[in-house]
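Biologist: Please put the model up, and then we can go through it by question and answer.

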Amino acid sequence: MLAARVNLKGWQQVAVAVGSAFGALLDPKRADLIAALGETTGKPAFERVLQRMKNSAEGREILLERPRVISTRVSHAWDMPENTFGAAYAQFMGSRNFSPDDRPPVRFMETDDLAFVATRAREVHDFWHVLFGLPTNLIGETALKVIEFEQMFLPMCMLSVVGGSARFSEKQRRLFFQHYFPWATKAGVKATDLMSVYYEKHFHEDLEEVRRNWGIVTCPDPKATSSA
């Protein structure tokens, strides 16, 4: 994580941010460009998250131990009972052939603390998918960006919502703004400070119990909502 870091001057940060934003709009699958955009525009937001973590007992524990969500650290999730948060995470990752090692490294944060917070924000993304019950299609990813914005106020998250919704079909756009967007704005506010949760130490707990403890409101089924 440290070896990948690059110190940028002010004008260089602007150049990287603009170039990353333009490139990400042209090719939204470029995770490295989206990551660069988040880092070069997100320093104030990451500083606020860092302070919140310092003010939380569990957040301080995370900052002290600096856990990494990588395959060698979370492999025990596959051995958890079926009803647990860990088992749900393992099933989510395995059914999609995802690896926690696939996240691009943080490159443009100035300090070790901010680099870790930015890395942590990137690595807990899949935990949030599991907790909120969101799919990994375009609508699900865009809805999760709304929650991430409510939790961290990262400009990149709102830009991703704008970019994602621009790629929707008319039917998808109507579904998103009538169903997913209102739910996500409320769910992101209602949940506890999710950046201060040490998820790896809750793998053994019942999934529904941790959802209740953390104020998680799962995404309602749009078909059930529309038929009600």
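**A walk through the predicted model**

Modeller: V106 is found in the loop between α6 (85-95) and α7 (112-123). The model is a predicted one.

Biologist: Is V106 buried or exposed?

Modeller: V106 sits in a loop between α6 and α7. Buried means under 20% relative accessible area. The relative accessible area of V106 is 1%, so V106 is buried.

Biologist: What distance separates the C-alpha atoms of V106 and A118?

Modeller: V106 and A118 are 12 residues apart along the chain. Their C-alpha atoms are separated by 6.8 Å.

Biologist: How many helices and strands does the protein chain have?

Modeller: From the N terminus on, the elements run α-α-α-α-α-α-α-α-α-α-α-α-α. The count for the protein chain is 13 helices and 0 strands.

Biologist: What share of the residues in the protein chain is buried?

Modeller: The protein chain has 228 residues. Taking buried as under 20% relative accessible area, the buried share is 45%.

Biologist: Which residues have the most contacts inside the largest nonpolar core?

Modeller: In soluble globular proteins, nonpolar side chains tend to be buried together. Here the largest nonpolar core has 59 residues. Those with the most contacts inside this core are F85, W128, F132 and Y199.

Biologist: Leaving aside neighbours within four places in sequence, which residues is Y199 in contact with?

Modeller: Y199 is one of the residues with the most contacts inside the largest core. With neighbours within four places in sequence left aside, Y199 is in contact with F85, R120, V124, F127, W128, L131, L194 and W214.

Biologist: How many residues of α8 are buried?

Modeller: The buried residues of α8 are H125, D126, F127, W128, H129, V130, L131 and F132. They pack against α6, α7, α9, α11 (170-190) and α12 (207-213). Helix α8 is mostly covered, and the number of its residues that are buried is 8 of 8.

Biologist: Are α8 and α9 roughly parallel or roughly perpendicular to each other?

Modeller: The axes of α8 (residues 125-132) and α9 (residues 138-152) come within 11 Å and cross at roughly 105 degrees. Angles of 65 to 115 degrees count as roughly perpendicular. Therefore α8 and α9 are roughly perpendicular.

Biologist: How many nonpolar, polar and charged residues does the contact of α8 with α9 have?

Modeller: On the α8 side are H125, W128, H129 and F132, and they meet G140, E141, L144, I147, E148, Q151 and M152 in α9. By class, this contact has 5 nonpolar, 4 polar and 2 charged residues.

Biologist: Which residues of α3 and α4 make the contact between these helices?

Modeller: The axes of α3 (residues 43-54) and α4 (residues 57-65) come within 6 Å and cross at roughly 110 degrees. The two helices are therefore roughly perpendicular to each other. Their contact is made by L50, M53 and K54 of α3 with G59, R60, I62 and L63 of α4.

Biologist: Is N97 buried or exposed?

Modeller: Most residues other than glycine have a negative phi. N97 is not a glycine, yet has a positive phi of about 55 degrees. N97 lies in the loop between α6 and α7. Exposed means over 50% relative accessible area, and at 69% N97 is exposed.

Biologist: Where does F153 lie?

Modeller: F153 also has a positive phi, near 60 degrees, in a residue other than glycine. At 42% relative accessibility, F153 counts as partly exposed. F153 lies in the loop between α9 and α10 (155-166).

Methods
Residues numbered from 1 in each chain as written. Predicted model: local features only at pLDDT ≥ 70, side-chain atom pairs only at ≥ 80, totals over all residues. Heavy atoms only, no water. Helix = DSSP H or I, 4+ residues; strand = E, 2+ residues; numbered from the N terminus. Buried < 20%, exposed > 50% of the residue type's maximum accessible area, 1.4 Å probe, protein only. Core = buried A, V, L, I, M, F, W, Y, C linked by side-chain atoms within 4.5 Å. Contact = heavy atoms within 4.5 Å. Axes fitted to C-alpha atoms, helices over the stretch in contact; angles between N-to-C directions. Parallel < 35°, antiparallel > 145°, perpendicular 65-115°, else oblique. Nonpolar A, V, L, I, M, F, W, Y, C, P; charged D, E, K, R; others polar.
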